[in-house]
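Please read the following note with the sequence and the structure at hand. The points are numbered so that each can be checked in turn.

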Amino acid sequence: VTLKDVAILDEEVVSAFVMQRYVDAESHVPTPDALLVPFELEALSGIAEVLSEKAGRKIAVLAPQRGKKTDLLRMASENAKHAFSEKRRAKEDVEERLEQLKEKLRLPQTPIRIECCDISHLGGKDSVGAIVAMTRGEIDKSHYRTFHVRGESGSHVGGDDYGAMYEVLARRFRRARAEQDAEPSED
């Protein structure tokens with residue numbers, strides 16, 4: 001979620017990030033011996049104390065004004081800006097490609113989820129169908145599915161990829177229909 005026109009003090013952002021990254025119960029990130037922050041924080045000593053207590057050793061939280069540590073902070077800032085702009089560019093690129101796909105396929109709206117199906121087998125036996133999914137242009141492993149091809153329709157005989165594909169897609173569409181029917185309506 002992107003928030004626009006929201007004013008948050010830099011100090012609050014840095015403090016919250018440090019606490020979330022190194023102190024929160026869900027965080028399993030090891031605490032470094034020293035943490036460099038870009039400016040003096042009012043809660044600098046308190047943050048150092050909390051980090052030290054959690055790590056079981058003395059942790060220094062520093063706001064360097066000059067020297068090699070300020071060079072490290074400048075380099076980290078430049079790297080963060082570059083990574084942020086790359087991520088934004090990649091997102092815009094995905095949105096543009098989805099729009100192109102919509103136009104080429106003459107779809108009424110931009111596709112939200114795209115699923116692809118593939119069939120694998122060992123010499124015509126033990127056929128398996130796999131469905132991979134992307135949601136809004138990003139890999140969505142929660143929607144990956146595998147199907148053991150059973151030859152339900154009678155059309156799948158020893159390595160018949162088209163028959164296997166038909167079976168897998170028919171089962172996938174039945175499952176999607178059942179999920180859709182199970183959802184409460186918004187009327």
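1. The note begins with E95. In this predicted model, E95 is partly exposed, since its relative accessible area is 42%. Its salt-bridge partner is K91, with 3.1 Å between N and O. K91 is exposed, at a relative accessible area of 52%. Both residues belong to helix α3, and because they are four residues apart there, about one helical turn separates them.

2. Side chains of opposite charge can pair when their charged atoms come close. A search of the whole structure finds eight salt bridges.

3. R113 and E115 form a salt bridge in which the closest N and O atoms are 3.0 Å apart. R113 is partly exposed, with a relative accessible area of 35%, and E115 is also classed as partly exposed, at 29%. E115 forms a salt bridge with R172 as well, at 2.9 Å from N to O. Because E115 lies in strand β3 (residues 113–122) and R172 in helix α4 (residues 161–182), this pair ties together parts that are 57 residues apart in sequence. R172 is buried, with a relative accessible area of 7%. Through shared partners, the salt bridges join R113, E115 and R172 into one network.

4. A disulfide would require the two sulfur atoms to be within 2.5 Å. The count of disulfides is accordingly zero. As for accessibility, C116 is partly exposed at 44%, and C117 is partly exposed at 21%.

5. The largest pocket holds about 700 Å³ of space. It is lined by 20 residues, of which V13, V14, F17, P38 and A80 are the closest to its centre. The elements that give two or more residues to this lining are α1 (10–22), β1 (34–36) and α3 (68–104). Which element provides the largest share of the lining? That element is α3, with eight residues. By class, 14 of the lining residues are nonpolar, two are polar and four are charged.

6. G46 is partly exposed, with a relative accessible area of 33%. G46 and V61 are 15 residues apart along the chain, and 9.7 Å separates their C-alpha atoms.

Notes
Residues are numbered from 1 along each chain as its sequence is written. This is a predicted model: local features need pLDDT of at least 70, side-chain atom pairs count only at pLDDT 80 or more; totals for chains, interfaces and linings use all residues. Side-chain values use heavy atoms; hydrogens and water are left out. On a 1 Å grid over the protein atoms alone, a cavity is a set of points where a 1.4 Å probe fits but cannot get out, and a pocket is an open set with protein on both sides within 12 Å along at least five of seven lines; lining residues have an atom within 4 Å of a point. Grid points are joined across faces, edges and corners, and a volume is the space filled by probe spheres set on the points. Ala, Val, Leu, Ile, Met, Phe, Trp, Tyr, Cys and Pro count as nonpolar, Asp, Glu, Lys and Arg as charged, and the others, Gly among them, as polar. Buried means under 20% relative accessible area, exposed over 50%, partly exposed in between (1.4 Å probe, protein chains only). A salt bridge is a side-chain nitrogen of Lys or Arg within 4 Å of a carboxyl oxygen of Asp or Glu.
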